[in-house]
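Colleague: I am new to this protein and would like a short tour. Could you take me through a few local details?

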Amino acid sequence: MTKAGSDASAQVGNLPADATSFIGRRRELAEVKRLLATTRMVTLTGFGGVGKTRLALRTAHALRRSFRDGVWLVDLANVTDPALVAPTVAESLRVPEGSRRDPTQILADHLRDRQLLVILDNCEHLPAACAALAERLLPEAPGLHLLATSRQRLDVATEHTLTVAPFPLPDARRSADGDGAGAGVGVGAGAGVGVGAGAGVGVGVGAGRQIPARFESVALFVERAAAVQHDFALTADNEDAVVGICRRLDGIPLAIELAAARVRVLTPRQILDRLDQRYSVLTSGPCSSDPRHRTLVSMLDWSYDLCSAGEQSMWARSAVFADGFDLDAAEAVCAGDGLAPEDVMDLVTGLIDKSVLLREDHHGRATYRQLTLIRDYGLCRLAEQETSTLARRRHFDYFREEGLRTAQHWLAPHQVEWFARLRSVHADLRAALDYALADPDLRQEGLRLAADLLYHWLDGYLNEGRDWLDRLLAADTEPTATRADALWVNTWLAIIQSDFPAARRMLAQARSILETVDAPSTLGYVELFSGMLATATGDAGAGLVHYARAREIHRAVGNQHGIAFALIRSSMAYSAMGDSARAVELAEEALPLCAAAGDIWHKSYVLLALGIELWRQGDVARATRLEQESLRYNQSLDDHVGVALNLQVLALAAASGGQPTRAAELFGALDATNRSLGVSLTGYTHLSAYQDRCVRELRATLGEEAYARAFAEGAARSYDQAVAAALQEEPDRRGVRRPPGKSPLTPREREIADLIAQGRTNKQIANALVIAQRTAESHVENILVKLGFTSRAQVAAWTAEQGHAGDGRDDR
């Protein structure tokens, strides 16, 4: 580890904010920090509910300034396929995937020169995969430190383990004669490296009177109880009962938190009495399992029994969500069979009050999730119910509908927000596809979902998208229009990865299906990607023929997305053929289609194509402005391939504009981006020959040493730094507070930002400003892009900081 870094470095990573206070664990925390200072892999072990994840996160927050490239959390709880461990780590670390290379090698290449701490959380169900990943990455990335949590050690050669014990406990009697001195030392004795289980707050009081409030177990109960009952405090009247509760629950933090949540309706004495009743039943049964595990199960049983019938159903049904879910999803999936949709919100509130659900905010929306152990318990309860299959089917149906809505966003407004939403439900999309794959009757619908998620796969999930499509295509070979759609979608992913033989085979299969199936829009896409394959393999003339057919078919059926996409690809092909006038004409024809739809994804590629032609015509200044505008869109969409294309054109423009050093730096950044993506730009543009010639000229102009130095400097930049340099802005522009007077918005956009801050909808904004609703939507999308935000709530907060927000009145 390095010494404390700058404030900027402290912000690198993806650690969640602390939602609740952290109680105790001082010595464990110090020991983990000490171990990470002397070794590169530490695993926190212990049974479920003991607090391994909380300790890991607290450690990470304490050390975030010590790692130049950040501290990162990888939650593996919902990963069931060992093959997805490395891709999940890459996703969490924001490593773009593009090639068909081994994902572990992609990770190793990305991490090789970085200095960071990665938390691998919940490894116990994937020990072999996690161990193999650690053993592969640690030797290749000397600046990497791993902090894992698992119920057992992972058996990595360089691994150090620290067992997290339950909280120490006060003695049952608060005697003054020393009977309870040191009580709790035996709980989890020997736990950890140099950390005794009795290392609690206030334990070492010698032969004198114990002070229960100083014990971490009691302090946790009191704090969580006060969170649900504001006037709760530890008193002489309830102290014995609280101590009894903590002792009955063996000092297990999760069990104590669940019990404390009951203070809202029961006194501590009532809670203890009910626990005693359950414990006597529990201990009369088989005793083969770990008694602490039986204690936690008993606590979960008791919590479940104290829920109303509706809350019990809600607990079990909501466990089908692999990750967080919002209220709309809860109503769609959990309602029915005795639960009315209008009751769902109250049931969710009740489960939050009982600490069964956790509430979080994502992009201005409230979401809810269950801790892993609570979700596992809910799934067990769901399996006992007759509605189990219905709940899982409703979960699939809900995310199948999400897929259909995603297809509607292929050419539509709000793409930044929508793609961000898809990233947030990625684990549930996986679960839905897995469910469809396992059921022969659902495989066609699963194939439809996988095809509809095309732009989600393009948003950093190329390998996973191809894998799902390959598996579903192999599982169901019925020659339907859905299969043909899945084939052309998979073709696009294959072309991006330069897997041209696979692309050719899939296009042939799709054409064979369409000989007997009438699906003109699908045929239009088959022609479109036949053109893309032809141009990518060097036959732009043949590509133009296919593109012309695609434009004709899509115009005939009124498919605006197909028309816009075919125009963009046609423009690129004419540019490759040297017909600049036709290239500009087609790009300019696509621009109003994007504007009318409020689309920015395809608009970014139109601007890219226009920038290329302006550069070829010698208008370097305008070309640079267009490419930078395109780059801002691609940055906001997190489209790394689009960013790479922009970097290529901007480097060429810099060289033409008499900035050889800047050009060399941009080529270095481009090289680093391409290597991290593992893709070739050949399938997108025809600029490889221009780039080769430009590099030769730069070497001659600058000299080999100066060129190599500038190239290396550009390649050493992080992704965000490279984008900032290309935009000629300060790095890390997203989320950075700008001082008043430094707004990147136009006057009209500032006016609309004010209205957003007042809570106006797009329709209300349009009415207030007497503009079309589509125009208002386009302005809102541009504001999100320029500010680097993904939600209107962020815009409102930014507006308040800038001092733009008015008092809610329309003063015009």
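This is a predicted model: local features need pLDDT of at least 70, side-chain atom pairs count only at pLDDT 80 or more; totals for chains, interfaces and linings use all residues.

Colleague: Understood. Where does Arg 551 lie?

Modeller: Arg 551 belongs to helix α25, which covers residues 540-557.

Colleague: What is the nearest side chain of opposite charge to Arg 551, and how far away?

Modeller: That side chain is Glu 589, at 6.2 Å. Arg 551 is buried but has no salt bridge. A salt bridge here would need a side-chain nitrogen of Lys or Arg within 4 Å of a carboxyl oxygen of Asp or Glu.

Colleague: Then which residues is Arg 551 in contact with, leaving aside neighbours within four places in sequence?

Modeller: Arg 551 is in contact with Ala 566, Leu 567, Ser 570 and Arg 582.

Colleague: Let us turn to the backbone. What is the phi of Asn 122?

Modeller: Asn 122 is not a glycine, yet its phi is positive, at about 65°. The residue sits in the loop between β3 (116-121) and α6 (127-140).

Colleague: And is Asn 122 buried or exposed?

Modeller: Asn 122 counts as buried because its relative accessible area is 13%, and the cut-off for buried is under 20%.

Colleague: What about Asp 155, buried or exposed?

Modeller: Asp 155 is exposed, as its relative accessible area is 55%. Asp 155 also has a positive phi, of about 60°, without being a glycine. Its place is the loop between β4 (144-150) and β5 (160-163).

Colleague: On to helix α34. Which of its residues are buried?

Modeller: Helix α34 spans residues 719-727, and its buried residues are Ala 722, Val 723, Ala 724, Ala 725, Ala 726 and Leu 727.

Colleague: What do those buried residues of α34 pack against?

Modeller: They pack against three helices: α29 (620-637), α30 (640-656) and α31 (660-677). Just after α34 comes Gln 728, with a positive phi of about 60°.

Colleague: Last topic. How much space lies in the second largest pocket?

Modeller: The second largest pocket holds about 250 Å³.

Colleague: And which residues line the second largest pocket?

Modeller: The lining consists of Asp 81, Ala 83, Leu 84, Pro 87, Glu 97, Arg 100, Arg 101, Pro 103, Asn 463, Glu 464 and Asp 467. By class, 6 of the lining residues are charged, 4 are nonpolar and 1 is polar.

Colleague: Which helix gives the largest share of that lining?

Modeller: Helix α21 (residues 462-475) does, with 3 residues.

Conventions
Residues are numbered from 1 along each chain as its sequence is written. Side-chain values use heavy atoms; hydrogens and water are left out. Helices (H or I, at least four residues) and strands (E, at least two) are DSSP runs, numbered from the N terminus. Buried means under 20% relative accessible area, exposed over 50%, partly exposed in between (1.4 Å probe, protein chains only). Lys and Arg count as positive and Asp and Glu as negative; His and the chain ends are not counted. Contact means heavy atoms within 4.5 Å. On a 1 Å grid over the protein atoms alone, a cavity is a set of points where a 1.4 Å probe fits but cannot get out, and a pocket is an open set with protein on both sides within 12 Å along at least five of seven lines; lining residues have an atom within 4 Å of a point. Grid points are joined across faces, edges and corners, and a volume is the space filled by probe spheres set on the points. Ala, Val, Leu, Ile, Met, Phe, Trp, Tyr, Cys and Pro count as nonpolar, Asp, Glu, Lys and Arg as charged, and the others, Gly among them, as polar.
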